[in-house]
Amino acid sequence: MIVGAIEGGGTKFVCAVLKFDDSNIQEKPPRILKIERILTTDPESTLDAVVRFFKNSGIECAGLGMFGPIECRIENPRWGYLLKTPKPGWSDIDIAQRLQKQLQVPLKLETDVAASGIGEWKWGAGRGTHCCVYITIGTGIGAGIIIDGIPVRASFHPEMGHMRVPRARTIDSRLDEFEGICIYHSDCLEGLASGPAIAARWREAPENLPTEHPAWRLEAEYLAFALTNIALTIAPDRIIVGGGIGLREGLLDMVGKRMRELLGGYIQALSSAEAIRLFLARAKLGNEAGVLGAAELARQLFNSVSKR
């Protein structure tokens, strides 16, 4: 089975053609036959480049993990349309229906973070779980809830990156007074703890801040608030953390220690340091999580169409 996978991001679109080996489909991910990264510019130019990449590739189905917010409900007439997004020029743009028509194959859509979560659930840090939450912390913050390989959503997809968190205390015990950078909420989680938020607060790129810098204790505090909320609300088997900030060496250990304090022994299954270490996992698939998850979406769609 040859499928197309698209990870549509605000900075770049990653497109890949992959081949599944049905005899070993549960054990290892599909083989990437070709892959290309396309700079996200205006919708017309970007989507035209995506279509050109797949020309004559022989794909039978396609999966798309798309930045949002986006309408993922297939029963909605506006399925596949981007909604009000901060990405200039991309609001109210038809993405999925257009690509499905131009690629001339069935297409399955999820958010970009849900697609990455599916990849991690199937072949990465979430393997063997019934329910896992994948959260990426980088340029933005987003999360997907995956139950047995299916992302959870109802009238809209989860937006955990915009949860409201209490103000953390700085290293000198004062409340953090940084106003936040989210254009909608200012001081939501993304507005306080994303990569651009760290850069704006400290006037320095996160990668240039040394391990002992107070930025990381404050970052760990905000992430501990958020992951504690997720644990108490969703009760997943595991939370998987990815993204350039989320995977910073030593950060997850700080988060886990503070999270255990915040839980206060209330969840017995997470009352020990060892339990927290197993509960919080670093993403394993790296930059391939999104395209592998999109490939799994395509495989699921192919199987459902074949059974009709």
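This is a predicted model: local features need pLDDT of at least 70, side-chain atom pairs count only at pLDDT 80 or more; totals for chains, interfaces and linings use all residues.

Residues are numbered from 1 along each chain as its sequence is written, and side-chain values use heavy atoms, with hydrogens and water left out.

**Helix α2**

Helix α2 spans residues 96–103. Helices (H or I, at least four residues) and strands (E, at least two) are DSSP runs, numbered from the N terminus. Four names make up the buried set of α2: Ala-96, Arg-98, Leu-99 and Leu-103. Buried means under 20% relative accessible area, exposed over 50%, and partly exposed in between (1.4 Å probe, protein chains only). Viewed down the axis of α2, these buried residues fall within an arc of 160°, so they line one face of the helix. The arc is taken from the directions that run from the helix axis to the C-beta atoms.

What covers these residues? The cover includes the strands β1 (2–8), β4 (61–66) and β5 (107–111), along with helix α1 (43–54). After α2 comes Gln-104, whose phi is positive, near 60°.

**Packing of α1 on α2**

Two packed helices are described by the angle between their axes and the distance between the axes. For α1 and α2, the axes come within 10 Å and cross at roughly 35°. Axes here are lines fitted to C-alpha atoms, for helices over the stretch in contact, and angles run from 0 to 180 degrees between N-to-C directions. The crossing of α1 past α2 is right-handed; in that case the near helix is turned clockwise from the far one by less than a right angle.

Contact means heavy atoms within 4.5 Å. On the α1 side, Glu-44, Leu-47, Asp-48, Val-50, Val-51 and Phe-54 take part. On the α2 side, Arg-98, Leu-99, Gln-102 and Leu-103 meet them. By class, the contact has six nonpolar, one polar and three charged residues. Ala, Val, Leu, Ile, Met, Phe, Trp, Tyr, Cys and Pro count as nonpolar, Asp, Glu, Lys and Arg as charged, and the others, Gly among them, as polar.

**Salt bridges**

Side chains of opposite charge can pair when their charged atoms come close. A salt bridge is a side-chain nitrogen of Lys or Arg within 4 Å of a carboxyl oxygen of Asp or Glu. Across the whole structure, 14 salt bridges are found. Three of them are tabulated.

| Pair | N to O distance | Relative accessible area |
|---|---|---|
| Arg-98 and Glu-44 | 3.3 Å | Arg-98 17%, Glu-44 45% |
| Arg-174 and Asp-172 | 3.0 Å | Arg-174 53%, Asp-172 42% |
| Glu-261 and Arg-258 | 3.1 Å | Glu-261 48%, Arg-258 25% |

Arg-98 forms a salt bridge with Glu-44. This pair links distant parts of the chain, with Arg-98 in α2 and Glu-44 in α1, 54 residues apart. Arg-98 is buried, whereas Glu-44 is partly exposed.

Glu-261 and Arg-258 both lie in helix α7 (residues 251–263), three residues apart, about one turn of the helix. Glu-261 is partly exposed, and Arg-258 is partly exposed.

A network of salt bridges links Arg-164, Arg-167, Asp-176, Asp-187 and Arg-201.

Arg-258 also touches Glu-221. Glu-221 sits in helix α6 (residues 214–234) and is buried, at 10% relative accessibility. Leaving aside neighbours within four places in sequence, Glu-221 is in contact with Ala-168 and Arg-258.
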